Amino acid sequence: MPFARLAAATTPTCHIGLGLAAVGRPGYINLGRDRDLGEDRSVEVMRMRTHDLLDAAYAQGVRYFDVARSYGLSEGFLAAWLRERPDAADVVVGSKWGYTYTADWSTNAEQHEVKDHSVATYERQRAETEALLGDRLDLYQIHSLTPDSPALTDRELHAKLAEAAASGVTVGFSTSGPAQADTIRAALAVTVGGEPLFRAVQSTYNVLETSAGPALAEAHEAGLTVIVKEGMANGRLAEPHAPDVLKAVAEETTQGCDAVALALILRSPWAGVVLSGAATVAQLGSNLHAAVVDLDDDQVARLGALAEDPHAYWERRGRLPWH
């Protein structure tokens, strides 16, 4: 499996990955984008920003990069960087299918992406991904499974995914919404030919949203690689939006709120990769300090008290505007 390459890494940051959701397209729901990106979000400017982030991440030991069909031009940006960096043969690349980007490089689109987990969408998007990433694609994930997704029961789709797995691509899924734990457990039960179909799971987990934790531990125990996304809660855990308790712990550790928030996730024994969603090189550098943050039991307990009801968390996330 490609994740064996990550397991062999020994850098302090080997369990931190870089996700390109925030820089592969001009609009996203993260707080603070106007400050981070400014007004010029042309394709060329965003490509340069992405390549600067990839350069910085690779230089500091990051070896997992995460994109998706719906993250604007993220796959193309990453593919171009990989062509320019033949020395980066040890990176692991994950992408996702199931959402189609529809904003046409606008921050004011009525609809930014459309979800569809059908076989037809899988075949179309798999061809699009393969045209860009070719044999550099290691992990292909169903994007944002929920308990009502037809992808959990579509046997024709499962057969197609099993074919991809047989060709050497790791097949996984990501989750979203307040019922992530239910989705994870349902996906763990999906088999093809008596064998589990999925070998990786990517879920939202952070100081405010911890409900998927027990199910992610079960997935890890079942042998899946666990990837954590939205560790910064779309900017709610970064300055200046962070809760006072997080700010206090950050001051005690002399690190940023972001590093502390990500460090808490890294303490989980089931967390294989924790994604940074940095939009600037400075943010990335601060995020990577998570690898050296040492939290004591009292700090962990204080941070643990910040967890919200998952329905309230996802309702608030759903109200975040696209910037």
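Let's start with a pair of charged side chains: Arg69 forms a salt bridge with Glu128, and their closest N and O atoms are 3.1 Å apart. Keep in mind as you read that this is a predicted model. Arg69 sits in the loop between β2 and α4, while Glu128 belongs to helix α5 (residues 119-133), so the pair ties together parts that are 59 residues apart in sequence.

How open are these two partners to their surroundings? Arg69 has a relative accessible area of 17%, so it is buried, because buried means under 20%. Glu128 has a relative accessible area of 25% and is partly exposed.

The structure holds 20 salt bridges. Another one joins Glu252 and Arg302, with the closest N and O atoms 2.8 Å apart. Here Glu252 lies in helix α9 (residues 244-253) and Arg302 in helix α12 (residues 297-304), so this contact ties together parts that are 50 residues apart in sequence. Glu252, at 43% relative accessibility, counts as partly exposed. Arg302 counts as partly exposed too, at 26% relative accessibility. Some salt bridges share partners, and in this way Arg69, Glu75, Arg124 and Glu128 are joined into one network.

A further pair is Lys96 with Asp66, whose closest N and O atoms are 2.4 Å apart. This pair links distant parts of the chain, since Lys96 is in strand β3 and Asp66 in strand β2, 30 residues apart. Both Lys96 and Asp66 are buried.

| Salt bridge | Distance between closest N and O atoms |
|---|---|
| Arg69 and Glu128 | 3.1 Å |
| Glu252 and Arg302 | 2.8 Å |
| Lys96 and Asp66 | 2.4 Å |

Which strands pair with β3? One of them is β2 (residues 64-66), which runs parallel to β3 and is joined to it by three bridges. Within this pairing, Tyr64 has Val92 as its bridge partner in β3. To get from β2 to β3, the chain passes through helix α4 (residues 74-84), and this β-α-β crossover is right-handed.

Strand β6 is another partner, pairing with β3 in the parallel sense over four bridges.

Now follow the pairing onward from β6. Strand β6 (residues 139-145) also pairs with β7, again in the parallel sense, over five bridges. As an example of who faces whom, Leu139 stands opposite Thr170 in β7. Together, β6, helix α6 (residues 155-166) and β7 make a right-handed β-α-β unit.

Is strand β7 buried or exposed? Six of the six residues of β7 (residues 170-175) are buried, so this strand is largely enclosed by the rest of the structure. Thr170, Gly172 and Ser174 point one way from β7, and Val171, Phe173 and Thr175 point the other way.

Strand β7 has a parallel pairing with β10 (residues 200-204) as well, this one over three bridges. There, Phe173 has Val201 as its bridge partner in β10.

**A pocket to explore**

Let's finish with some empty space. Rolling a probe the size of a water molecule over the atoms shows where such space is left. In this model, the second largest pocket holds about 230 Å³ of space. Its lining is made of 16 residues, and those nearest the centre are Phe3, Ala7, His15, Thr225 and Gly272. The elements giving two or more residues to this lining are α1 (3-7) and β11 (225-229).

Which element gives the most to the lining of the second largest pocket? That is α1, with three residues.

What kinds of residue make up this lining? There are 11 nonpolar and five polar residues, and no charged ones.

How values were computed:
Residues are numbered from 1 along each chain as its sequence is written. This is a predicted model: local features need pLDDT of at least 70, side-chain atom pairs count only at pLDDT 80 or more; totals for chains, interfaces and linings use all residues. Side-chain values use heavy atoms; hydrogens and water are left out. Buried means under 20% relative accessible area, exposed over 50%, partly exposed in between (1.4 Å probe, protein chains only). Two strands pair if DSSP finds at least two bridges between them. A crossover is right-handed if, with the strands pointing away from the viewer, the path from the first strand over the helix to the second runs clockwise. On a 1 Å grid over the protein atoms alone, a cavity is a set of points where a 1.4 Å probe fits but cannot get out, and a pocket is an open set with protein on both sides within 12 Å along at least five of seven lines; lining residues have an atom within 4 Å of a point. Grid points are joined across faces, edges and corners, and a volume is the space filled by probe spheres set on the points. Ala, Val, Leu, Ile, Met, Phe, Trp, Tyr, Cys and Pro count as nonpolar, Asp, Glu, Lys and Arg as charged, and the others, Gly among them, as polar. A salt bridge is a side-chain nitrogen of Lys or Arg within 4 Å of a carboxyl oxygen of Asp or Glu.
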